[in-house]
Amino acid sequence: MIDSAPSQATSRSPRPRVAVIVPCYNDGAVLPDAVASVDGREDVELLVVDDGSSDSDTRRVLADLADRNVRVLRQDNAGLSAARMAGVSATAAPYVYNLDADDLAAPDALATMAGRLDADPEAAVCYGDYREFGDLELIRLVPETIDPYRLAYTNEYPVTAMFRRDALLDAGGWRHLGAGYEDWGLWMELAERGCRGVHAGPGVVTFHKRLHGQRMLGSAKAEHRALYHALRREHPRLFADIGVHRQHSSLSPTRKLLYPLVYGARPRYRFEARVKRWLDRVGIWTMRG
């Protein structure tokens, strides 16, 4: 691994609260926007992890960022999970905020989320609602608590959140399962362990998720059944206690019945993306309940 350029945040303050980790693999077209979105109102350790980018334009962008005093960590291509965990190992701030290179941090979100974790030392993670933009624009509402019953069938929790470093490491961090399912696996692990999260608050947007082309999660849908069964094997206690989790879930009775039918191991089909966009437009699955 090659680590280039000290972070700007490190020069301002010896002990920032938040490490912002931005993994990059041939994302040169959008990476500068992601880095620029990390506003200066919260002092951070900002680290871009180059996961073996082969694209010449991306390499030029990374070199330019390093020249502008943005810290860049270079490694051979090992995948998203490995890049994020390399970033965790190379930083020291007590809170870790993971930001994909094609997404944007929301203004003031870092300070708000760090403040929520400061105020609640038992919370393992702070998360919140987020805005999707690009192919479709809407605010995606996130459950107020970590709900194991929901997580047993689908992941309604964001790819970007702020984790307490110790809790993240205790849970094993991000582990490679298949493109796009790393986050679901981590949320399952937190739920299985009984970890508690704290929502950033009503109306607080914690990041902006760019919808464009074929994001990794979309491309992994073809392998959904195999990936889902791998998740089940990794979290046997979560599913052994599913009856208790169902009883305590915040879902409505109707949704408790629907989730095992609509989600879970059921195969995914291409036409479902179009159906989901229509349901999103009418607000069917963007409600918190």
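**Close-ups of a predicted model**

**View 1. Strand β2, helix α2 and strand β3 form a right-handed β-α-β unit.** Helix α2 covers residues 31–36, and this is a predicted model, so read the close-up that way. Strands β2 (residues 18–24) and β3 run parallel and are joined by seven bridges. To find your way along the pair, look for Ala 19, whose bridge partner in β3 is Glu 45.

**View 2. Next comes the crossover from β3 to β4, again a β-α-β one and right-handed.** Here the chain goes through helix α3 (residues 56–67) on its way to β4. Strand β4 takes in residues 71–75 and runs parallel to β3, with five bridges between them. A handy landmark is Val 48, which has Val 72 as its bridge partner in β4.

**View 3. Here's strand β3 itself, residues 44–51.** Eight of its eight residues are buried, so the strand is largely enclosed by the rest of the structure. Val 44, Leu 46, Val 48 and Asp 50 point one way, while Glu 45, Leu 47, Val 49 and Asp 51 point the other way; all are buried.

**View 4. Tyr 127 and Tyr 157 make an edge-to-face pair.** The ring centres sit 5.8 Å apart with the planes at 85°, and planes over 60 degrees apart count as edge-to-face. Tyr 127 belongs to strand β7 (residues 125–127), whereas Tyr 157 lies in the loop between α6 (148–153) and β10 (162–164), so the pair links distant parts of the chain, 30 residues apart.

**View 5. Zoom out and ring pairs link a cluster.** Its members are Tyr 127, Tyr 157, Phe 163, Trp 174 and Trp 187. The structure holds eleven aromatic pairs.

How values were computed:
Residues are numbered from 1 along each chain as its sequence is written. This is a predicted model: local features need pLDDT of at least 70, side-chain atom pairs count only at pLDDT 80 or more; totals for chains, interfaces and linings use all residues. Side-chain values use heavy atoms; hydrogens and water are left out. Rings of Phe, Tyr and Trp (its six-membered ring) pair if their centres lie within 6.5 Å; planes under 30 degrees apart count as stacked, over 60 as edge-to-face and the rest as tilted. Helices (H or I, at least four residues) and strands (E, at least two) are DSSP runs, numbered from the N terminus. Buried means under 20% relative accessible area, exposed over 50%, partly exposed in between (1.4 Å probe, protein chains only). Two strands pair if DSSP finds at least two bridges between them. A crossover is right-handed if, with the strands pointing away from the viewer, the path from the first strand over the helix to the second runs clockwise.
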